[in-house]
Amino acid sequence: MPSSVPSSRRPGPPAESVAERLAIRFVLNGKPVEARVEPRRTLLWVLREEFDLVGAKEGCGVGECGACTVLLDGEAVNACLVLAGKVDGRTVTTVEGLGGPEALHPLQQWFIRKHAVQCGYCTPGMLLSAAALLRRNPDPTREEIREALAGNLCRCTGYVQIVEAVRAAAREMAGR
Ligand code: FES
Ligand code: FES
């Protein structure tokens with residue numbers, strides 16, 4: 001029997017959500033993944049809402065605090081400013097991929113040892129900005145570290161311990 005309900009009024013998913021979703025495939029913390037997301041979504045949203053990776057934080061949402069920093073093809077980026085579509089075919093590393101409780105990255109170990117973490121809100125972003133720095137400059141000066149972390153704001157530590165932690169990690173990673 002033909003339906004008496006016009007097709008435009010039948011219940012079902014809103015047309016936009018299915019038709020306008022974008023398929024993205026990328027490597028996330030070493031594993032190939034895919035997601036279907038609305039084009040307006042950011043990488044930060046994708047990480048937190050689609051993959052439950054909540055290390056990257058939303059502080060300002062406009063590229064000013066660095067709390068959302070992740071690595072995109074090895075470079076530190078503000079995930080709140082990267083549209084999901086830009087990630088297709090690329091490699092993303094979050095703090096969860098840097099190291100975990102069973103195998104902390106030297107940066108994570110030294111942040112703990114040097115008391116460079118207080119509330120921890122800025123820490124994932126700081127760690128990834130520092131990781132990107134050490135990748136391109138394994139022996140940075142204090143000034144170079146400060147410069148590399150200039151986009152990462154911390155309301156708690158005053159930065160001295162953070163810079164010392166990055167220096168110590170660099171020394172350990174270089175076997176010095
Ligand atoms: S939340 Fe992305 S820079 Fe502040
Ligand atoms: S440790 Fe609290 S904002 Fe940095």
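These questions and answers walk through a predicted model, its sheet and its helix packing.

Residues are numbered from 1 along each chain as its sequence is written, and chains are lettered from A and ligands numbered from 1 in the order in which they are written. In this predicted model local features need pLDDT of at least 70, side-chain atom pairs count only at pLDDT 80 or more, and totals for chains, interfaces and linings use all residues.

Reader: What is the mean pLDDT of the chain?
Author: pLDDT is the predictor's confidence in each residue, from 0 to 100. In this chain 89% of the residues reach 70 or more. The mean is 92.

Reader: What is the strand order of the open sheet?
Author: Strands are DSSP runs (E, at least two residues), and helices are too (H or I, at least four), numbered from the N terminus. Two strands pair if DSSP finds at least two bridges between them. The sheet has five strands with mixed pairing, in the order S2-S1-S5-S3-S4.

Reader: Which strands are the edge strands?
Author: An edge strand here pairs on one side only. The two are S2 (31–37) and S4 (75–78).

Reader: By how many degrees are neighbouring strands turned against each other on average?
Author: Axes are lines fitted to C-alpha atoms, for helices over the stretch in contact, and angles run from 0 to 180 degrees between N-to-C directions. For this sheet's average, direction is ignored. The value is 40°.

Reader: Which residue takes a positive phi in the hairpin of S1 and S2?
Author: S1 (residues 22–28) and S2 pair in the antiparallel sense over seven bridges. Leu22 stands opposite Val37 in S2. Two residues lie between the strands, and the one with a positive phi near 50° is Asn29.

Reader: Which residue takes a positive phi in the hairpin of S3 and S4?
Author: S3 and S4 run antiparallel, joined by four bridges. Leu72 stands opposite Glu75 in S4. This hairpin has two residues between the strands, and the phi near 50° belongs to Asp73.

Reader: Which residue in S5 stands opposite Leu71?
Author: S3 (residues 69–72) and S5 (residues 91–93) run antiparallel. Two bridges join them. Leu71 faces Thr93.

Reader: At about what angle to S3 does H5 run?
Author: H5 covers residues 123–136. The helix lies across S3 and S4. Its angle to S3 is about 35°.

Reader: Is the crossing of H4 and H5 left-handed or right-handed?
Author: H4 (residues 106–113) packs against H5 at about 130°, with the axes 10 Å apart. That makes H4 oblique to H5, since angles under 35 degrees count as roughly parallel, over 145 as roughly antiparallel, 65 to 115 as roughly perpendicular and the rest as oblique. A crossing is left-handed if the near helix is turned anticlockwise from the far one by less than a right angle, and right-handed if clockwise. This one is right-handed.

Reader: Which residues of H4 make the contact with H5?
Author: On the H5 side stand Thr123, Leu127, Ala130 and Ala131. On the H4 side are Leu107, Gln108 and Phe111.

Reader: Which residues of H4 meet H7?
Author: The axes of H4 and H7 (residues 160–173) come within 8 Å and cross at roughly 135°. The two helices are therefore oblique to each other. H7 brings Ala165, Val166, Ala168, Ala169, Glu172 and Met173. H4 brings Pro106, Leu107, Trp110 and Phe111.

Notes: Contact = placed C-beta atoms within 7 Å.
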